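This briefing is intended for reading alongside the sequence and the three-dimensional view. Please keep both at hand while going through the topics below.

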Amino acid sequence: MLRHLTQWVEDRLERLNVEFGNPLLNGATIFARISPKWLNGIAHLLIFIFKEMTFKRYKWNAKPVLICVGSHNNYHSASLAFGNREDIQFATFHNYYLPNTPKINLLFCYLSGSFIVLFLPLFFLIIKKPNLRKYMIFRTDQMALSFGSRWFVRRAIKRSGAQVLILMSNLSVYHNLILEEANRLGVSTIFATHAPVGRGQRALRTDYAMLDGEWQSSLYPSSNTKFLITGSARGAELVERWESRLNYTGLIIATNTLMIDLNIIEKFISLLKDRYPLMPISLRPHPRDVERHEAHRIICENHSIAYNDPKKPLVQPNDSYKYLATGLSGVMIDALLVGMYPLQISEPQLDMLLAHTPDDYYGLHELNLVRKIDLNDPVLPTDWLIGDQLVELEKSAQPGWDSKKLMNEALDEILRHQNTVR
């Protein structure tokens with residue numbers, strides 16, 4: 001009996017929380033920002049319940065296509081691809097707000113699932129998988145959603161009048177509980193990537209997937225999902241700004257949440273300035289690392305380098321930057337698409353964190369699209385020329401490729417098929 005309960009709980013958490021529940025990633029992306037760490041999950045739960053209670057409500061319009069977005073990156077990519085259509089309706093969920101846009105309310109799901117807090121000691125006793133044990137403590141809010149009632153989620157999808165649902169991610173419990181309710185209602189579902197995808201993926205459960213390139217399609221285990229290699233609207237937008245940067249010398253250092261100690265980055269900047277005194281350098285924080293944006297600005301002031309605002313494009317056509325140095329991050333592929341040369345920062349602490357993720361996560365080393373740079377002895381590669389392999393990662397990099405057109409043609413075909421079935 002206990003074994004069956006354990007298996008049921010593990011299966012549910014891994015199915016709904018693809019990123020945090022993925023044993024291949026081993027909890028590498030789960031972080032606590034509150035001490036003691038066990039308070040992190042409880043704080044998240046209370047904060048998000050409060051936010052769900054206070055969000056302004058907007059009325060639904062009956063449209064055949066519903067696009068659910070949970071972040072600005074989701075919305076930006078979706079609006080680039082489908083924003084000109086009259087048959088779509090955007091909806092937000094979780095922590096994301098758009099003016100005059102209906103929201104899928106998760107309040108009842110949070111409240112009804114909060115009983116799970118009482119069973120955390122039992123789950124922690126019977127579940128031995130390290131990634132799930134870490135997840136249960138750090139993200140109690142998502143545990144609650146995993147076991148809460150989806151009645152209001154189902155009602156929202158019905159009110160939208162959707163025949164087709166588009167999700168811009170397959171990773172979080174928010175996306176996957178919406179996906180499951182759409183499947184139960186007979187709504188066709190589409191996964192369209194909003195960011196680069198790496199190794200260690202779980203099988204997709206949508207009816208269709210619009211993928212960036214051929215290499216990406218090899219990352220997903222076999223399932224009933226039909227793959228459509230369209231390229232991405234995000235990629236197409238970046239490629240429009242591409243130009244040869246072979247004769248440039250500048251470097252952008254892009255941090256992410258894996259880079260916990262910014263003192264390491266300061267030392268890196270000092271070493272670079274000593275070795276390349278005339279080289280333009282800028283520092284770019286991760287968009288979601290809002291709490292440390294000011295700390296990045298201070299570093300820039302202290303070392304007389306430029307601050308690269310994460311709300312703005314990575315580079316402008318007339319910028320003098322050739323290289324991008326960062327930890328493992330999808331911004332590497334963004335850099336490639338604007339003609340930059342990505343350098344993966346190598347340092348013992350970062351390398352130890354990356355050991356929890358699949359080797360060569362984005363396939364960039366395999367395709368010779370990235371080089372390593374040592375934080376303690378930074379040397380820039382000068383004999384490196386990016387080749388045509390980029391097209392395998394992102395079809396938008398291919399001259400004349402129109403991702404937006406292909407994505408909309410694919411959506412039209414799915415709508416026709418849905419109407420025929422009805």
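C109 is buried, with a relative accessible area of 2%; here buried means under 20% relative accessible area, exposed over 50% and partly exposed in between, using a 1.4 Å probe and protein chains only. The model is predicted, so local features need pLDDT of at least 70 and side-chain atom pairs count only at pLDDT 80 or more, while totals for chains, interfaces and linings use all residues. Residues are numbered from 1 along each chain as its sequence is written, and side-chain values use heavy atoms, with hydrogens and water left out.

**Cysteines**

- The structure holds 0 disulfides, a disulfide being a pair of cysteine sulfur atoms within 2.5 Å.
- C109 takes part in no disulfide, and the nearest cysteine sulfur, that of C68, is 14 Å away.
- C300 also counts as buried, at 4% relative accessibility.
- In general, a disulfide is a covalent bond between the sulfur atoms of two cysteines.

**The sheet of 7 strands**

- An open sheet of 7 strands is arranged in the order β3-β2-β1-β4-β5-β6-β7, with parallel pairing. Its edge strands, β3 (103-104) and β7 (226-229), each pair on one side only.
- Helices (H or I, at least four residues) and strands (E, at least two) are DSSP runs numbered from the N terminus, and two strands pair if DSSP finds at least two bridges between them.
- Strands β5 (residues 188-192) and β6 (residues 208-211) pair in the parallel sense over 3 bridges; the bridge partner of A192 in β6 is M210.
- Helix α3 (residues 72-82) lies across β1 (65-69), β2 (88-93), β4 (164-167) and β6, and runs at about 150 degrees to β1. Axes are lines fitted to C-alpha atoms, for helices over the stretch in contact, and angles run from 0 to 180 degrees between N-to-C directions.

**I178**

- I178 lies in helix α9 (residues 173-184) and is buried, with a relative accessible area of 0%.
- Leaving aside neighbours within four places in sequence, I178 is in contact with C68, F93, I104, V153, I157, L165 and L167, where contact means heavy atoms within 4.5 Å.
- I178 and P23 are 155 residues apart in sequence, and their C-alpha atoms are 23 Å apart in space.

**The sheet of 6 strands**

- An open sheet of 6 strands has the order β10-β9-β8-β11-β12-β13, and the pairing is parallel. The edge strands β10 (306-307) and β13 (371-374) each pair on one side only.
- Strands β11 (residues 321-326) and β12 (residues 341-346) pair in the parallel sense over 4 bridges; Y341 in β12 is the bridge partner of Y323.
- Helix α12 (residues 262-275) lies across β8 (250-254), β9 (281-284), β11, β12 and β13, and runs at about 175 degrees to β8.

**E394**

- E394 is placed in the loop between α16 (390-393) and α17 (403-421), and is buried, with a relative accessible area of 1%.
- The side chains of E394 and S396 are joined by a polar contact of 3.0 Å. A polar contact is a pair of N or O atoms within 3.5 Å; within protein, one must be able to donate a hydrogen and the other to accept it, and residues adjacent in sequence count only if both atoms are side-chain atoms.
- Not counting residues up to four places away in sequence, E394 touches D212, G213, G231, S232, R234, G235 and L337.

**Positive phi**

- S304, although not a glycine, has a positive phi of about 55 degrees. S304 is in the loop between α13 (293-303) and β10 and is exposed, with a relative accessible area of 63%.
- D360, although not a glycine, has a positive phi of about 50 degrees. D360 is in the loop between α15 (348-354) and β13 and is buried, with a relative accessible area of 15%.
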